[in-house]
Structure formats: C-alpha cells, structure tokens
Amino acid sequence: MRDVGYFRDLPHGDSAEISLRDARGSLVEHLVAPVVGYLTGGCTLAAAAGYAFDELHPARPEIAPLAILTDREWSWPNDLPYYVETYRVGLPEEFLRHAEALGWRPPQLTAQRLAEIAGEPDD
C-alpha cells in the first residue's frame with residue numbers, strides 16, 4: 001500500500017516526505033473539492049489515541065481524532081482532507097490520477113477486507 005499526506009512536519013509524518021509548509025498552495029483550485037471528497041470517502045483502516053491539530057495555524061486548533069483511511073491501494077491520515085481544503089496542499093500526481101480514474105469515489109471496503117489490509121506487511 002502506498003502512503004500519501006504524511007508530511008514530514010506533522011507529528012504522525014514521515015521524515016522522508018515533503019514538508020506541509022512546502023506543499024501548501026500547490027494544488028490547483030478546481031481539484032480541491034473532488035480531492036477532499038475522495039479523501040473523506042475513504043474507509044477507516046485504523047484509529048489512534050490522540051488528535052490531529054492544524055500545524056500551520058499559530059493557535060493549532062484541533063482538527064479531528066487521528067485515524068488512517070484507505071482505498072485499498074493508498075492510505076492517508078484523516079487530517080489530509082482538512083489540509084487540502086484549507087491550504088490547498090499538493091499531492092503526488094500518481095495519487096491524483098488514481099483518484100480521478102476511480103471517478104473521485106474511493107471503493108467501499110468490507111470489514112473483512114479492511115482486516116486483511118491491516119494485517120498485510122508494508123511494501
């Protein structure tokens with residue numbers, strides 16, 4: 001499974017990824033709504049104890065309880081749609097082409113399939 005949205009300056013980020021600050025403002029405006037719709041439509045793969053906060057806002061307002069969503073091929077933190085909508089953060093072209101090919105609607109996965117995915121080793 002591929003990851004998207006784990007920006008290196010997030011507490012749950014990946015140090016090998018681009019910075020959230022550097023990604024801000026790089027998604028074209030007409031893609032914001034379909035991308036947000038796709039990301040919010042993913043299935044919850046895992047939930048974590050804790051909250052995601054807006055790391056770009058000086059007051060760091062709370063976004064949501066932290067969880068990981070998936071469409072079976074990609075996974076992302078559930079704060080990603082917030083960052084896309086609020087700051088137009090850019091995402092990899094490969095992910096955008098994937099979501100567009102699915103009509104901007106992620107597949108709905110059964111509980112059994114989610115359990116299988118959660119048990120699969122990372123690539």
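**Note on salt bridges and a buried leucine**

1. Aspartate 22 counts as exposed, because its relative accessibility is 52% and the cut-off for exposed is over 50%. This value, like the others below, comes from a predicted model.

2. The side chain of aspartate 22 meets that of arginine 8 in a salt bridge, at 3.9 Å from N to O. The two partners belong to distant parts of the chain, 14 residues apart, with aspartate 22 in helix α1 and arginine 8 in the loop between β1 and α1. Arginine 8 counts as partly exposed, at 44% relative accessibility.

3. In total, the structure holds seven salt bridges, and another of them joins the side chains of glutamate 29 and arginine 88, at 3.7 Å from N to O. Glutamate 29 lies in helix α2 and arginine 88 in the loop between α3 and α4, so this pair ties together parts that are 59 residues apart in sequence. Glutamate 29 is exposed, with a relative accessible area of 53%, while arginine 88 is partly exposed, at 28%.

4. Glutamate 55 forms a salt bridge with arginine 60, and their closest N and O atoms are 2.8 Å apart. Here glutamate 55 counts as buried, at 15% relative accessibility, whereas arginine 60 is partly exposed, at 38%.

5. Glutamate 55 is also one of the residues that leucine 10 touches, and the others, leaving aside residues up to four places away in sequence, are Gly5, Leu20, Asp79 and Tyr83. Leucine 10 is found in the loop between β1 and α1, and it counts as buried, at 5% relative accessibility.

Definitions and conventions:
Residues numbered from 1 in each chain as written. Predicted model: local features only at pLDDT ≥ 70, side-chain atom pairs only at ≥ 80, totals over all residues. Heavy atoms only, no water. Helix = DSSP H or I, 4+ residues; strand = E, 2+ residues; numbered from the N terminus. Buried < 20%, exposed > 50% of the residue type's maximum accessible area, 1.4 Å probe, protein only. Contact = heavy atoms within 4.5 Å. Salt bridge = Lys/Arg side-chain N within 4 Å of Asp/Glu carboxyl O.
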